[in-house]
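Welcome! Here is a short tour of one structure, with a look at some of its strands and charged pairs.

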Amino acid sequence: MKQSLVAISLIAVLVLAGCKSATKNGPQTTAAPAPVYFKVDPATAGAVEGKIRFTGKRPARKPIDMSEEPACVEAHHGKAYDESLVVNPNGTLANVFVYIKSGLEGKTFEVPATPVTIDQRGCWFHPRVLGIQTGQVLSVVNSDPVTHNIHPMAEINREWNHSQGQGDPPLARKFLKPEIMIRVKCNIHRWMHAFIGVVDNPYYAVTGADGSFEIRNLPPGDYVVEAWHETLGTQEQKITVLPQGKTTASFTFKGE
């Protein structure tokens with residue numbers, strides 16, 4: 001009986017000592033494992049390229065009234081036009097966001113250290129359409145002699161709204177979740193708009209003055225490529241990228 005009491009007392013002392021030790025040292029936490037980033041083998045990587053064509057009647061250019069802000073009028077010499085649909089001289093479309101919509105599931109990509117910049121210049125957002133990777137820094141610059149306001153109206157990410165005056169330092173923001181697309185406006189100048197495509201990989205492009213795009217360094221595989229335009233909607237294609245191959249994915253959007 002005495003031996004049992006001694007054993008029970010010893011156990012109680014050990015438990016109490018353990019509790020005191022845990023209390024003294026604080027709760028024990030396990031560090032989250034470092035992410036394992038997918039590395040593309042350059043010896044097998046391929047690419048997808050193409051053009052975004054426009055058919056139908058080209059819309060007439062719509063003038064923008066900037067008379068409420070003389071500095072904006074001066075920046076455009078009194079002739080500013082809406083840029084929601086820009087048809088290039090070769091019959092292609094500018095400002096189309098093209099990205100890999102599916103086929104990269106299960107892969108985690110390192111976040112680029114270089115920020116993506118959006119500039120408020122000439123009372124426009126430049127560029128009008130841009131892409132950025134989740135977690136990458138968006139640098140917001142105001143190059144104008146007037147105060148602007150940048151307001152990304154995100155639905156999946158956090159919505160924010162910030163004014164930026166002449167000479168103010170750049171703003172730095174991040175989007176943590178994929179979202180196609182985030183509409184951006186200036187609450188001061190109603191004609192200023194931009195669109196941000198947030199993706200969790202580096203495989204996207206925006207068409208320019210020749211309507212072409214190229215997405216490089218893709219690992220071989222089957223993908224869905226989507227092309228997005230702010231007024232004409234979206235289109236997608238299934239493609240297969242072969243080792244060191246170059247796949248074509250062209251799209252045609254129709255106007256009125």
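Strand β2 (residues 97-102) pairs with β12 in the antiparallel sense over three bridges; strands are DSSP runs of E with at least two residues, numbered from the N terminus, and two of them pair if DSSP finds at least two bridges between them. Within this pairing, Y99 has Y204 in β12 as its bridge partner.

Both strands belong to an open sheet of four strands, ordered β12-β2-β14-β15 with antiparallel pairing. Because β12 (204-206) and β15 (233-241) stand at the edges with a single partner strand each, one side of each is left without a neighbour in the sheet.

## About the model

This is a predicted model, where local features need pLDDT of at least 70 and side-chain atom pairs count only at pLDDT 80 or more, while totals for chains, interfaces and linings use all residues. Residues are numbered from 1 along each chain as its sequence is written, and side-chain values use heavy atoms, leaving out hydrogens and water.

## Salt bridges

The structure holds nine salt bridges (a side-chain nitrogen of Lys or Arg within 4 Å of a carboxyl oxygen of Asp or Glu). In one of them, E110 meets K39, with the closest N and O atoms 3.4 Å apart. E110 lies in the loop between β2 and β3 (116-121) and K39 in the loop between α1 (2-25) and β1 (46-55), so the pair ties together parts 71 residues apart in sequence.

E214 forms a salt bridge with R216 at 3.3 Å between the closest N and O atoms, and another with K246 at 3.4 Å, N to O. Salt bridges that share partners join E49, E214, R216 and K246 into one network.
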